[in-house]
Each structure stands twice: as structure tokens, then as C-alpha cells.
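Colleague: I am new to this one. Could you please bring it up and take me through it?

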Amino acid sequence: EFYYDETPDQIRAIDIIKREMEKSKPMDMLLCGDVGYGKTEVAFRAMFKAINDGKQVAYLCPTTVLSNQQYKNALSRFKNFPVNIALLNRFVESSKQKDIIERVNNGKIDILFGTHRILSKDIQFKDLGLLVIDEEQRFGVTHKERIKEYKSNIDVLTLSATPIPRTLQMSISGVRGLALIETPPQERNPIQTYVLPENNNVIKDAIYKEMARGGQIFLLYNRVEFILDKLNDIKKLVPEAKIDYVHGQMTRDELENKMIDFVDNKFDVLLCTTIIETGLDIPNVNTLIVLDADRFGLSQLYQIRGRIGRSNKIGYAYLMYDNKKMLNDIAIKRLNTIKEFTELGSGFKIAMRDLSIRGAGDLLGRDQSGFIDSIGIDLYLKMLKEAVNKIKNNDVCIEPVTSDKKDDNRSLIEVDTHIDDKYLDDDKLKIEIHNKINEVDSLEKLNEIKSLLEDRFGKITSDMEIYMYEEWFEKLARDLGIVNVKQTKTYIEIELPMELSKKINGEELFMLAYDISNKFRFSYKLNHIYIILDIVALEKHFLIYLINLLDRVKNELNIKKN
């Protein structure tokens, strides 16, 4: 039994995944939602569907702690159903592992939970139907290459609060599916986040403040070799606090006993490594102090911060960096982003910012990050979307665009869109200018951007002004459904689409054109009207003539957007 009411986002995600699982081709779906937003329940329902269809399910977790927790959750969730569930990680005894593997290979286990151990070659599922991957960004490249081998013939569901750039980009561009859960749990408060140099007085105050309200503290120090030294330092700093420590190199019994003691409130501060990053749900812990925060990735910081603020108390996160250290640009961007996005449901926004900061990497290769900033995220998204659409429209066979196959994304009129080095020689600023010019869709916008550029960089060139008018013309032409334009050195010929031609009175069009310029000519063939404008040189006035005419066609003749 599910003890909560499903949120609208959960129901929508469940329906999307159900439809994808019923398709003939294997599902590859990213389920994105913040910590505590109900991703696990959506995954459990997908798993139940797979089991009902006679398939086995593998649930891949990045840590032993998370695999243990999700295994226990599944035992509770499926207790009223005849589902055989097993767990496989480094804490399971060798003798038991052998028995579990044998039962998995014989098809007697329905759901296998575990860490990357379940990707080993000795595990051969009899009939695997669904692979669930919890927090894919935590797995290394080697493990992901193994996951790829599974993807060719089974359904794959990836759960993440902050997917890595490549994963997110593949979903945005349509290479894989995307379902979002954006509805926060009731009574959840945003986490107050502070980014500052390491400061013992702040650490001391934060610990005492949390203890005063009966809460507990995570103090994250990710250097196992010095963790005992740090423990002594913190004990001297806050002698009244009860402090203990955990890290991933402990034995199963040590780790579990200490975590149980912490959950039972037997001590106040848990000095820990990133072993707490996923899977821990301790509502009484609502202060987090991260030392050397600049060493962590953006999604990792977000996951760590998600360990607190899981009750109706306000959570406080202190992200500290070495006060003697000069941070590089990437580290500054990461820390500023995590500080900026404190509101509930920021995981997807943070992943988008991570995509912009790090780049998407090789979608079909090993690299998980790249250099998006060198061309700008908007241009990158546009280029990738075009490539994906070409593949989809051509049955995964990219054909060259011949003269009789019109590319919907090509420019209708060819003008010089180059920004001369004499005007500006900074490539990043040039990309910013291109993005600004691409926004031009009216005279007001054109003048606004022109003033902005001249204020920052000086008087724009005549070519840049023509470029602005061309962008305005392109948007106006697209609104009217115009896709065919012929350009020579002496004239430009615009073919109006058939639907538009039928709505236009030729005499009215002639009078409108004559009012603008005597350089217009017209022809009519195969139910299409052709507007021809004679030009002597590629100057901005010919574009102004075209824009004026098309604008009047759109407004005065009451032609609606196609």
C-alpha cells in the first residue's frame, strides 16, 4: 500500500512510463525529480508492471547504503504480492552471493537490488525486462559502457534529481524520454544555503544553533586519511557536542551500527565522507556543513544538500572552501549556482546550469562533459535538435540535403552574418552578440539591441545592421509560412504558399507594394503568388522594403500566422 496521495506529476510520470514500456522498441527514460519527490514509487510501479509481464528487474544503486535502503523499501512495498526480491552488494556474504546469483540466472529472483556488482559478467538474468538506474551520475564510465550493453534490448529507467549534462541533453534533444516530477512534498521548506571561506566560528555557531533546537548535524569532510585529526579538531571546537564519524572504508557492521546510533540520536554530529550523498533519510538532521566544497561537482553538491531539510524544519547548508585557496572559474560558478537555486524543485534547473557550465560531452562516446560555452548552449541545443530530427525523419539514415529537399532551418536570404575582428575580437562576446541579434523580431527590438551594442562596443557596422534586418525578415516570413526564396545578384523572388496566395487580392497587394517601392514585380503560377524585388546592391533598404510589404500582408490583409 502506498501511504501517500499521488501528486499530479507522479500520475503523469507513471502514465508516460507505462506507455513507453508498452511500445515495441525498448524504453530509455529519464525520470527527473528532487529528493523526496516520489521517484521511487514511480519506479516501483514500473517494476511491478515488468514483473506482471513475466520479466525480471535489476535495480542499480551507486552505494551500498542506498541499495540496502531501497531493498528494504521494496520488501515493505511488495509484501502483499508474490514477488521474490534479493540484494547483492559487498556487504552480502560470499556464500549468500553465490546462491543469489544462481537463483537470478535461473529466473527465480524477480527483483535484484545492488551496486555495480549486479553488472558483473557472472550475472546472466534469465529474462531481464527492466533496468532501473538510481542516480546515474554516480557511476563511472566503465560501468556506463556495461549499462549500454543492456540498453539494446531491455527497458531502462534512470532516476535522478540532477542528471549529468550528457544524460540531460539526450533527454532534451529527444534521444531518450523525459518525465519530470516537480510537485514538492507538503510542509517542505527551502534550504538556506551559505557559501563562504572555512571559518571555525561559523562551524561552532551552526552546530550549537542546531543542537539548541534538538536537531543533528552532518559535517562532510571527504578525506578519509585525515578524518580522525578532523574529529579531534571538531571535538575541541564544540566540546559539549557528541561527535562520531563514518566513511566508506569501514566494515558493514561498523557502518550500520554507527548509522543506527545516529538515527537513534545517540550523538549530535556525524563527521562523514560522501557516503551520505544518496539514500540517507534522517528527518532530524537539518544542518549540513561541507568542507572543501569547491572539490565537488554541481549535482553532487545538490545531492548532498538534499540530505537535510527533509522534515518541516528549515534546513541550513554551509558550503565552505579553503580560505587560503584561489578558486577557479568553474568552482566559483558551481558554488554560486548551488547558492542561487535554493527554492524547492531546483534539481532540474541546476542540471540545466551544469549543462551550460560543463557541456554535454560525447552523446555516443565516453566523455561526460564538453565545451558548450565555446558556442553557447542555445546554439548547441539548436544544432543537436536539428541532427536528431534528421535522423528520426530518415529512419536513422542521414541523407544529404539535395536541391529539391528544402532544409527548414536554412536562412531564406543570404547575407553576411560575420562579426569582424576589427569590431570585436573576443569569441565569447561574439557569440553573445549573435544570440542578441537572433532576438530581433520588430523595429523596437532591433533599435533596442542596436543601442545596447553601440553603448558597449561602439557604432555597429553596416553588415551587422543588415544582419539584424535579415533576422527580422526571417521571423516574419516563417510566420507567413514562406519557405521558398530565390536570390540572385539582381533580384529576390519570394514564393507565397498556396494557402496564403488564395487569401490575397492581387490588386490590393500591388497597391501595397507600389506604396512602398516601384522596384516590386509580381507573377502568378500554379496557384502561387511570386513577389519579385529588384536589387542593385545588398543594402539594408531592400530588406526594409520586403519587411514592410510582408508586415502589411500580415496585418492589413488579416493573414493569420500559419
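Modeller: Let us begin with helix 8 (residues 227-237), which lies across strand 9 (216-220), strand 10 and strand 11. Helix 8 runs at about 160 degrees to strand 10. Axes are lines fitted to C-alpha atoms, for helices over the stretch in contact, and angles run from 0 to 180 degrees between N-to-C directions; contact means heavy atoms within 4.5 Å. Helices (H or I, at least four residues) and strands (E, at least two) are DSSP runs, numbered from the N terminus.

Colleague: What kind of model is it, and how are residues numbered?

Modeller: It is a predicted model, in which local features need pLDDT of at least 70 and side-chain atom pairs count only at pLDDT 80 or more, while totals for chains, interfaces and linings use all residues. Residues are numbered from 1 along each chain as its sequence is written, and side-chain values use heavy atoms, with hydrogens and water left out.

Colleague: Which strand order does the open sheet of 6 strands have?

Modeller: The order is 8-13-12-9-11-10, with parallel pairing; two strands pair if DSSP finds at least two bridges between them. Strand 8 and strand 10 (243-246) are the edges, each with a single partner strand, so one side of each has no neighbour in the sheet.

Colleague: How many bridges pair strand 10 with strand 11?

Modeller: Strand 10 and strand 11 (residues 269-272) pair in the parallel sense over 4 bridges. Val246 has Cys272 of strand 11 as its bridge partner.

Colleague: Changing topic, how many aromatic pairs are there?

Modeller: A search of the whole structure finds 10. Rings of Phe, Tyr and Trp (its six-membered ring) pair if their centres lie within 6.5 Å; planes under 30 degrees apart count as stacked, over 60 as edge-to-face and the rest as tilted. The rings of Tyr194 and Tyr318 are stacked, because their centres are 5.3 Å apart and their planes at 20 degrees. Tyr194 lies in strand 8 (residues 192-197) and Tyr318 in strand 13 (residues 316-321), so the pair ties together parts 124 residues apart in sequence.

Colleague: And the other sheet, what is the order of its 7 strands?

Modeller: That open sheet has the order 3-4-2-5-6-1-7, with parallel pairing. Its edge strands are strand 3 (85-88) and strand 7 (177-181), each pairing on one side only.

Colleague: At what angle do helix 2 and helix 3 pack?

Modeller: Helix 2 (residues 39-52) and helix 3 (residues 64-77) pack at about 60 degrees, with their axes 12 Å apart. Residues making the contact include Phe44 of helix 2 and Ala74 of helix 3.
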